[in-house]
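Trainee: Please take me through the reading of a structure, one feature at a time, with the general idea before the particular case.

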Amino acid sequence: MAKKFYVVWKGRNTGIFSDWASCKRSVDGFPGARYKSFPSKAEAESAFSGGNTDGNSSASSGLRSTSKQSRSRQQTIKTYNAQEIDAMQEDTKIFTDGGCEPNPGEAGSGISLYRDAQLAELWYGLYNAHGTNNTAELNAFHQALILAEREIEAARSIAIFCDSKYTIQCITQWAFNWQKKGWTKPGGEIKNLALIQEIFTLYLKLKDTVKIFHVNGHVGVEGNELADRMSLFAITQKETSFKIYDAPFDTGKILAMRAG
């Protein structure tokens, strides 16, 4: 029997499983569990990172999509709300955001990092007087991967939450094809190419151990709101390095800071 890979979007544990027993433990008896089998790890990774939640109640029903369906799935990113994020069991949750005023204009990046559901670190910086919103978002995501690598070394499970679909798709979807085609794409240049290549190299190293999710900005997800405030704080301070916010964690005061 051909080996299958199982994606769990909603269950006790989410992710990609290489055996049915592990998948079953995550979904069996879990209300509203969403899961599906795939004939290859690559298809499973694409479906999971793309947020395809068309899982069946029977995980044995493998999906063999046409190339058109696969391309459509790759363009879909599921957005997670605060309740779904709170229910995730990862040890470390990292939220990223980038700001730019105007766009293009002064840009900065921010991160909030939670360990065991408690705010542990805030980061800000990478100010660019002539940046864009996309470069700010990419920079924040890059720093999140760097922090994730540190957390992995401490044997902690990691999830990264980013409110930029452009950033997520650049790194987890489009870059694979761009790389295969010699870092080119039909119809024009790849903007922010050098930065994307640097981030993609690190992503390839970590992708089997770091989960990446999309969250909408300014919908009440505390981690995202804090990262937003840090990105604007970076612009206010014109901080070109990326540094830890060392003031006391008064969440109310930080959330009252200028928002993007």
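Mentor: Let us settle the naming before anything else: helices, of at least four residues in H or I, and strands, of at least two in E, are DSSP runs that are numbered from the N terminus. Keep in mind as well that this is a predicted model.

Trainee: With that naming in hand, where is Pro 102 found?

Mentor: Pro 102 is in the loop that lies between strand S4 (92-101) and strand S5 (105-115), and Pro 104 belongs to that loop between S4 and S5 too.

Trainee: How should I read the backbone there, and which residue does a cis peptide bond join to Pro 102?

Mentor: As a general idea, most peptide bonds are trans, and most residues other than glycine have a negative phi. Here the residue joined to Pro 102 by a cis peptide bond is Glu 101, with omega about -15°, and the bond from Asn 103 to Pro 104 is also cis, its omega being near 0°.

Trainee: What is the phi of Ala 155, and is Ala 155 buried or exposed?

Mentor: Although Ala 155 is not a glycine, its phi is positive, at about 65°. Ala 155 sits in the loop between H5 and strand S7 (158-162), and because its relative accessible area is 68%, it counts as exposed. Trp 183, which is not a glycine either, has a positive phi of about 60° and lies in the loop between H6 and H7; at 19% relative accessibility, however, Trp 183 counts as buried, since the cut-off for that class is under 20%.

Trainee: Turning to the helices, at what angle do H5 and H6 pack?

Mentor: Two packed helices are described by the angle between their axes and by the distance between those axes. Helix H5 (residues 133-153) packs against helix H6 (residues 165-180) at an angle of about 60°, the axes being 9 Å apart, which means that H5 is oblique to H6. The crossing in which H5 passes H6 is right-handed. On the H5 side the contact is formed by Asn 134, Glu 137, Leu 138 and Phe 141, which meet Tyr 166, Thr 167 and Ile 171 of H6; sorted by class, this contact has four nonpolar, two polar and one charged residues.

Trainee: How many residues of H5 are buried?

Mentor: Of the 21 residues of H5, 15 are buried, so the helix is largely enclosed by the rest of the structure. From first C-alpha to last, H5 reaches 31 Å, close to the 30 Å expected at 1.5 Å a residue. Setting aside neighbours within four places in sequence, Ala 144 is in contact with Ile 94, Thr 96, Ile 111 and Ile 160, and its C-alpha atom is separated by 7.7 Å from that of Phe 95, 49 residues apart along the chain.

Trainee: And how do H6 and helix H7 pack?

Mentor: H6 and H7 (residues 193-206) pack at an angle of about 90°, with axes 10 Å apart, and are therefore roughly perpendicular to each other. In this contact, residues of H6 including Tyr 166, Cys 170, Ile 171 and Phe 176 meet residues of H7, among them Ile 199, Phe 200 and Tyr 203. The contact of H6 with H7 divides into eleven nonpolar residues, two polar and no charged.

Key: Residues are numbered from 1 along each chain as its sequence is written. This is a predicted model: local features need pLDDT of at least 70, side-chain atom pairs count only at pLDDT 80 or more; totals for chains, interfaces and linings use all residues. Side-chain values use heavy atoms; hydrogens and water are left out. Axes are lines fitted to C-alpha atoms, for helices over the stretch in contact, and angles run from 0 to 180 degrees between N-to-C directions. Angles under 35 degrees count as roughly parallel, over 145 as roughly antiparallel, 65 to 115 as roughly perpendicular and the rest as oblique. A crossing is left-handed if the near helix is turned anticlockwise from the far one by less than a right angle, and right-handed if clockwise. Contact means heavy atoms within 4.5 Å. Ala, Val, Leu, Ile, Met, Phe, Trp, Tyr, Cys and Pro count as nonpolar, Asp, Glu, Lys and Arg as charged, and the others, Gly among them, as polar. The expected span of a helix is 1.5 Å times one less than its number of residues. Buried means under 20% relative accessible area, exposed over 50%, partly exposed in between (1.4 Å probe, protein chains only).
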